[in-house]
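Welcome, and please have your viewer ready. We will go from stop to stop, with something to select at each one.

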Amino acid sequence: MTPALRRKAAEMASAAAQCYYHSSSPATWALRQRGIGGGARVVQLSPRRSFSVSAAAGFDNQNREYVIVGGGNAAGYAARTFVEHGMADGRLCIVSKEAFPPYERPALTKAYLFPPDKKPARLPGFHTCVGSGGQRQTAEWYKENGIEVLYEDPVIAFDGKTQTLKTSSGKILKYGSLIISTGCEASRLPEKIGGKLPGVHYIRDVADADSLVSSLGRAKKVAVIGGGYIGMEVAAAACGWNLDTTVIFPEDHIMPRLFTPSLAKKYEELYQQSGVKFIKGALIDKLEAGSDGRVSSAVLKDGSIVEADTVIVGIGAKPVVSPFEAVGVNSKVGGIEVDSLFRTNVPSIFAIGDVAAFPLKMYNRIARVEHVDHARKSAHHCVETLLTSQTKAYDYLPYFYSRVFEYEGSSRKVWWQFYGDNVGEAIEVGNFDPKIATFWIDSDSRLKGVFLESGSSEEFSLLPQLAKSQPIVDKAKLKAVTSVEDALDIARSFL
């Protein structure tokens, strides 16, 4: 379909949606605005409000047909979908707090932290959508496609009645359709216990990563607080700088939300071979400063002291819902609540990526997923819903991965993938040299989730098939094999 035909089709679908929306009564709309009106939630196709929009280079009035708030990964993939439909030029505005166009955020805790002599990643090398094999969307790409991007100018106020946004610079924007893509922010240690001392780092954007790289360049002892994703990826990067590194966390083993104790032990041993030390079951009492004002140590609740001139805090993240709380926040998982098409309770407003609390269809629960894969897919699904007559429910398969120790000179590279749900009995196969796999089987003998380290492209491609279809498997056969290859062949045979 040519761009002109795509644009015409999108306009026809939007017009149909607007007619459908206006067939409902004003009273019903008002009730829906307030989140009341019966036990069932009323959802309808969102209208596209008509605006007089200036040419792409101008935007000399307040009106924007489509506005994306947030400049993260999801925003970049949403922009690509608008372009594919021929609906971006002179119509789309992205409002971002960052100084750069959207980029593939996972790089910040991986290759971005490599030492200068080990080929670290740098922009513009990882702008979206290179992470999925797409075009590198630099600032010039947005200009060429007629997309207005407001850099370092976050939205600070929102009025749903007038469909108006206010940015930190005082700019007023009226939107026709709004996509909330504000993502998450790093959870922080309180300032009163040293959470803001010089040398204490949190990673969420390029500025954070640049600051950390600067510290790593002069560091001698590093303390990583948190044994999850951020902690383990940063600790691996610190090894590339040959730094004395200690990871501190309250749980019994690393990656407790995903790894079994047995699996965690193998990875812990691998890190220890690179000189990383672990302090488990520990809580931070405070961070102390040295005579120069920079952090010098972490004091634990048991009174022990860990010397560190650089501290990285990776204790989770929380969704950025402000200033959109009135749109509807899910009390259980946080984030802006949406339906299976990413529509909120308020007409013409959508939410995508980390901030969206959406129906996880295959597991019949509401979830928020903080992962680049979901950011990409939710963005595409949402914009398809907005611009076409699509009504297919989003059916996401949870997916997580990590790639560490990939710098030049590393003796062992780590790359694992996980698909599905880690519930039920865990069956581990392999000796971690380099492969290991874990299968999660429920009480009905259905395969619910699968993890694989150092697989081939063919083996990795099998994982989503297994997790999606959830075949009934013979647990005895899986337990009887010793090689990962044989275990995957057995699992494949049950598809």
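Where does glutamine 470 lie? Select it and look at the loop between helix 9 (457-469) and helix 10 (475-480), which holds this residue. Keep in mind throughout the tour that the model is predicted. Glutamine 470 has a positive phi of about 50 degrees although it is not a glycine. Most residues other than glycine have a negative phi, and most peptide bonds are trans. Glutamine 470 is also buried, since its relative accessible area is 12%, and the cut-off for buried is under 20%.

**The whole chain**

Now zoom out and colour by secondary structure. The protein has 11 helices and 25 strands. Of its 495 residues, 55% are buried. Among contacts between residues at least 6 apart in sequence, 63% join residues at least 24 apart.

**Helix 6 and the residue after it**

Next, select residues 229-240, which form helix 6. These 12 residues reach 17 Å from the first C-alpha to the last, close to the 16 Å expected at 1.5 Å a residue. Is helix 6 enclosed or open? It is largely enclosed by the rest of the structure, because 10 of its 12 residues are buried. The buried residues include Met232, Glu233, Val234 and Cys239.

Step just past the end of helix 6 to asparagine 242. This residue lies in the loop between helix 6 and strand 10. Like the residue at our opening stop, asparagine 242 is not a glycine, yet it has a positive phi, here about 55 degrees. At 70% relative accessibility, asparagine 242 counts as exposed.

Glycine 409 is in the loop between strand 21 (399-404) and strand 22 (414-420). With 79% relative accessibility, glycine 409 counts as exposed.

**Helix 3 against helix 8**

Show residues 73-84 and 372-387 together: these are helix 3 and helix 8. Two packed helices are described by the angle between their axes and the distance between the axes. Here the axes come within 8 Å and cross at roughly 35 degrees. The crossing is right-handed. On the helix 3 side, the residues that meet helix 8 include Ala74, Tyr77, Ala78, Thr81 and Phe82. Their partners in helix 8 include Ala375, Ala379, His380, Val383 and Leu387. The residues of this contact divide into 10 nonpolar, 3 polar and 3 charged. An α-helix has 3.6 residues a turn, so residues three or four places apart point the same way.

Pick out threonine 81 in helix 3. Threonine 81 is buried, with a relative accessible area of 1%. A polar contact of 3.3 Å joins its side chain to that of histidine 380. Beyond its neighbours within four places in sequence, threonine 81 is in contact with His380, Val383 and Glu384.

**A threonine in a loop**

For another threonine, select residue 260, in the loop between strand 10 (244-248) and helix 7 (261-273). Threonine 260 counts as buried, at 15% relative accessibility.

**A buried isoleucine**

Move to isoleucine 336 in strand 17 (residues 336-337). At 0% relative accessibility, isoleucine 336 counts as buried. Show its surroundings: among the residues it touches are Val321, Phe324, Val329, Thr344 and Val355. Aspartate 354 is 18 residues from isoleucine 336 in sequence, and 9.5 Å from it in space, C-alpha to C-alpha.

**Two cis peptide bonds**

For the last stop, display the backbone. The peptide bond from threonine 128 to cysteine 129 is cis, with omega near 15 degrees. Cysteine 129 lies in the loop between strand 2 (92-95) and helix 4 (139-144). Then find the bond from aspartate 433 to proline 434, also cis, with omega near 0 degrees. Proline 434 sits in the loop between strand 23 (425-429) and strand 24 (436-441).

Terms used. Residues are numbered from 1 along each chain as its sequence is written. This is a predicted model: local features need pLDDT of at least 70, side-chain atom pairs count only at pLDDT 80 or more; totals for chains, interfaces and linings use all residues. Side-chain values use heavy atoms; hydrogens and water are left out. Axes are lines fitted to C-alpha atoms, for helices over the stretch in contact, and angles run from 0 to 180 degrees between N-to-C directions. Helices (H or I, at least four residues) and strands (E, at least two) are DSSP runs, numbered from the N terminus. A crossing is left-handed if the near helix is turned anticlockwise from the far one by less than a right angle, and right-handed if clockwise. Contact means heavy atoms within 4.5 Å. Ala, Val, Leu, Ile, Met, Phe, Trp, Tyr, Cys and Pro count as nonpolar, Asp, Glu, Lys and Arg as charged, and the others, Gly among them, as polar. Buried means under 20% relative accessible area, exposed over 50%, partly exposed in between (1.4 Å probe, protein chains only). A polar contact is a pair of N or O atoms within 3.5 Å; within protein, one must be able to donate a hydrogen and the other to accept it, and residues adjacent in sequence count only if both atoms are side-chain atoms. The expected span of a helix is 1.5 Å times one less than its number of residues.
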